[in-house]
Each structure stands twice: as C-alpha cells, then as structure tokens.
Amino acid sequence: MFTNITPLSDQLKKYITCFTVSHHRETFPLKYTAFPNLGTCLALFNQTSIGIKPNEVTFTKDVTHGPKIIVLGRLTQPTIITFNDPVDEISINFTPCGINFFFKVPFIKIAAQSSQLLNESKWSKFASQLFTVPIEKRIERLEEFLLSNLRQHQGDPLERIYKSTAEVDKLTVKELAAIACMSERNFLRHFKKYMGCSPSLFKKIIRFRNVLDAQYSKSTNSYHRFLITEDYYDSSHFRKEFVQFTGYAISSFKKGSFLPGNGSSVFKLM
C-alpha cells in the first residue's frame, strides 16, 4: 500500500523521516489499526472524502472533492484507518517535533485532536498545485515547497526541545530542563506545546514502539526481556500499557496480520 521515499535534501532529513506515496495493489476496502508512534504525519489527498471521528478516520474516493490535508495529532490510543477505495495520497512523516519547523504556530495548535483537517491557505493552495504535477515530479515539488517554508529556530525553545527528544527516554525532566537551559516548569510547558504530550507519556510511547517494532521484526521471541530493558516495573505494568496503546491483549495481538507502513510503523490489519 505504501512506497516510502527518503528526502533528498539533507536539511529536510533533520525533520522528516520519509514521504509516503500510496499505491493500489491491495483489495479494497482496506482497514487497519494505527498505533501511537514517535513521529507525526501530515497527509495530502486529492478527490477524497475524509470522515473523522474520535480515533477513527475514513477515506473514500470522491471526484467532486478538491485537495484536502489531514494532520495527525499525538496519538495516545489506537486509531482505526479505513480506505473504502484507492485514493491519491502523499504523506509527510515528521520526526517527533519536526513539523514545528514548517509552521508559525506550535504543533499543539495545529493538531489538538488525534486527527483534523488542516485549514491553512498557503498549504491548501500548494496542495491544489501539487496534484496537477505529473506523479513522478510530485516529491521534487513537495521538497521545494517544504524548503521554502523551513523556519530557523537556532537557540530558541523549539530548537532546545528538538534536541532534547534524543535523550528524553534516558534522562529525567530535571536533567532535560538543565540541558535546555530552562526551568522544569518551562521545559514541561514547551515540551507539550511542541510535542503534543508530556515527557512521561512520550517515554511510554518510546517504550511501546520498541516492543512493537521488535515483535514485528522478530528480533525477539519473548516480550519478557522488555520488563528490564524497557524499564517496566513488572508484567502487570507491561500488559496494562500494551492494552492502552493497542487495544489488544498481548496473546491476541500476536496472532494478527500486520502491514509495514511509513518508516518503522507497523499497522494491524482488521
């Protein structure tokens, strides 16, 4: 369903893991569950009707609809994604707070909900132009647009929060705040503004992704080693968080069919 393309620009690679272009090899309708991830996603669609409900998004081909843009917020629960038909889509998959470098307002204002349409005139105008470009030229045009909107934040709170995300799972808030040259209160405020959640919740998501990605890649035959390596208190703690983020007990989750997605994401087919 997806073809992942790494940005050519070294500047963009700092903030974007990959672009995802849809293809139409699957049988439709196609339904899967997306789980909390480290990064965030902005997706451009053409001739598509988009239905948004809490923790559920549906895409349907509709030639009467012009380009639309959807932004995923900080997912903290599993989200059901349904494609009723093959649609024309290009997604931008950002690093944990990378999206902030392309907008004037912070992520929490762009994406306060788990899913929402983006109503921003500059981006809407670009989307209308992008889908008139031949398919093989669209990623090149998208990179040009992103580079023209890349904002510099040297030394300011966003840049310091951006750098802290690499160490957030290893250090305490007090240590992270010291590295960012902020008080703990200011660090927590700016972290939530740019990341869409608290450091403690983001640490849980990191831990969960490590488990999920290891299971999908078959790099381990047992979840139990994560009780130590991923800093879970005990097996009960592990099971509780796993159900929170997947909606499944571990045993039933492992029996499912999976679909590799953008970057390291893993989707569970329904």
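Student: Are F94 and F102 buried or exposed?

Tutor: A residue counts as buried when its relative accessible area is under 20%. In this predicted model, both F94 and F102 are buried.

Student: How many aromatic pairs does the structure hold, and what is the geometry of the pair formed by F94 and F102?

Tutor: The structure holds 16 aromatic pairs. In the pair of F94 and F102, the ring centres are 5.7 Å apart and the planes make an angle of 50 degrees, an arrangement described as tilted.

Student: How are the rings of F208 and F245 arranged?

Tutor: Planes under 30 degrees apart count as stacked, those over 60 as edge-to-face, and the rest as tilted. The planes of F208 and F245 stand at 45 degrees, so this pair is tilted; the ring centres are 5.1 Å apart. The pair links distant parts of the chain, since F208 belongs to helix α8 (residues 199–217) and F245 to helix α10, 37 residues apart. Both F208 and F245 are buried.

Student: Where does T246 lie, and why is T246 called buried?

Tutor: T246 lies in helix α10, which covers residues 235–246. T246 is called buried because its relative accessible area is 1%, and the cut-off is under 20%. Leaving aside neighbours within four places in sequence, T246 is in contact with F35, P78, F208 and F253. The side chain of T246 also reaches the backbone nitrogen of Y248, at 3.0 Å.

Terms used:
Residues are numbered from 1 along each chain as its sequence is written. This is a predicted model: local features need pLDDT of at least 70, side-chain atom pairs count only at pLDDT 80 or more; totals for chains, interfaces and linings use all residues. Side-chain values use heavy atoms; hydrogens and water are left out. Helices (H or I, at least four residues) and strands (E, at least two) are DSSP runs, numbered from the N terminus. Buried means under 20% relative accessible area, exposed over 50%, partly exposed in between (1.4 Å probe, protein chains only). A polar contact is a pair of N or O atoms within 3.5 Å; within protein, one must be able to donate a hydrogen and the other to accept it, and residues adjacent in sequence count only if both atoms are side-chain atoms. Contact means heavy atoms within 4.5 Å. Rings of Phe, Tyr and Trp (its six-membered ring) pair if their centres lie within 6.5 Å; planes under 30 degrees apart count as stacked, over 60 as edge-to-face and the rest as tilted.
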